[in-house]
Amino acid sequence: MEAFKENPTFLSMNLVVSALVIALIVERTAFQLSKYRVNSKEFFAQIKKLVVAGNIDRAIKLCDAGDYPTLQLVKAGLTHANKGPDEIDAAMSEKMGELRPAVEKRIGSLWSLANIATLIGLLGTVLGLIHTFGAVSAPGLSAADRQRILANGIAEAMYNTALGLGIAVVCMVAHLILHQRAKTIQHDLDATQERVFNLLTIQTRPGGY
């Protein structure tokens with residue numbers, strides 16, 4: 001608090017960055033946990049039963065049960081089930097093109113925020129040291145006063161570095177977790193697309209089932 005009162009400029013800037021980081025992490029975590037909570041394998045098993053039984057309309061209605069990307073992808077294939085493999089593949093690929101960017105959205109910004117926080121902290125440290133050495137060199141100060149000003153100034157300057165590095169570490173850890181989760185989601189979507197495509201193309205072949 002003493003450092004914040006003495007020179008709040010760069011500490012305040014990094015507090016703003018930390019607020020952005022927390023908001024981004026919370027938003028991305030909530031998005032991943034809410035939108036991709038559907039068990040794709042279990043859902044596909046239900047779809048497969050309906051498709052094999054010839055109940056395509058019921059399968060489409062099942063996909064309308066919620067606004068989940070996995071369901072939207074499956075529905076894109078089902079709505080073109082009576083068409084050829086090329087049309088099915090094109091429809092599902094187009095839907096994948098719409099869904100994929102949302103999975104990685106804003107996660108890459110964590111690296112930028114990590115770099116920004118670190119640089120703000122370092123800039124605050126350097127300018128704080130410049131101010132401290134300037135104050136120490138002022139005439140009329142005793143040795144004890146110079147030592148006290150120097151020690152306090154260095155401590156206050158290093159708080160900027162510590163805060164910047166702390167934010168950067170949080171950003172990197174969060175990026176690692178969210179990015180890995182996003183890769184898992186993308187892999188699951190790719191697997192679902194392949195399963196649905198194979199199901200629909202085999203189903204339309206003579207003697208497929």
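Me: Before anything else, what does "buried" mean here?
Reply: A residue is called buried when its relative accessible area is under 20%, exposed when that value is over 50%, and partly exposed in between. Please keep in mind that this is a predicted model.

Me: What does it span along its principal axes?
Reply: The C-alpha trace of the protein chain spans about 100 × 25 × 20 Å along those axes. If we take the contacts between residues at least 6 apart in sequence, 73% of them join residues that are at least 24 apart.

Me: Back to H5, why is it described as largely enclosed?
Reply: Helix H5 runs over residues 69-78, and because 8 of its 10 residues are buried, the helix is largely enclosed by the rest of the structure.

Me: New topic: Arg28, buried or exposed?
Reply: Arg28 is found in helix H2, which covers residues 8-35, and with a relative accessible area of 2% this arginine is buried, since the cut-off for that word is under 20%.

Me: What is Arg28 in contact with?
Reply: Once its neighbours within four places in sequence are left aside, Arg28 is in contact with Ala102, Val103, Lys105, Arg106, Ile107 and Leu178.

Me: Arg106 is on that list, so where does it lie?
Reply: Arg106 lies in the loop between helix H6 (85-104) and helix H7 (109-136). Its relative accessible area is 37%, which makes Arg106 partly exposed, and its phi is positive, at about 70°, although Arg106 is not a glycine.

Me: What about Ala114, which helix is that in?
Reply: Ala114 belongs to helix H7 and is buried, with a relative accessible area of 1%. Not counting residues up to four places away in sequence, Ala114 touches Ala168 and Cys171. The C-alpha atoms of Ala114 and Ile22 are separated by 12 Å, and these two residues are 92 residues apart along the chain.

Me: And Ala191, how far is its C-alpha atom from that of Ser40?
Reply: Those C-alpha atoms are separated by 9.0 Å, while Ala191 and Ser40 are 151 residues apart along the chain. Ala191 sits in helix H8, residues 143-203, and at 18% relative accessibility Ala191 counts as buried.

Me: Last one, how many positive and negative side chains are there?
Reply: There are 21 positive and 18 negative side chains in the protein chain, and the centres of the two sets lie 5 Å apart. As for the accessible surface, it comes to about 11900 Å² for the protein chain, with 63% of that belonging to carbon and sulfur atoms.

Technical notes:
Residues are numbered from 1 along each chain as its sequence is written. This is a predicted model: local features need pLDDT of at least 70, side-chain atom pairs count only at pLDDT 80 or more; totals for chains, interfaces and linings use all residues. Side-chain values use heavy atoms; hydrogens and water are left out. Buried means under 20% relative accessible area, exposed over 50%, partly exposed in between (1.4 Å probe, protein chains only). Helices (H or I, at least four residues) and strands (E, at least two) are DSSP runs, numbered from the N terminus. Contact means heavy atoms within 4.5 Å. Accessible areas come from the Shrake-Rupley method with a 1.4 Å probe; for residues, only the protein chains shown count as cover. Lys and Arg count as positive and Asp and Glu as negative; His and the chain ends are not counted. The place of a charge is taken as NZ of Lys, CZ of Arg, CG of Asp or CD of Glu.
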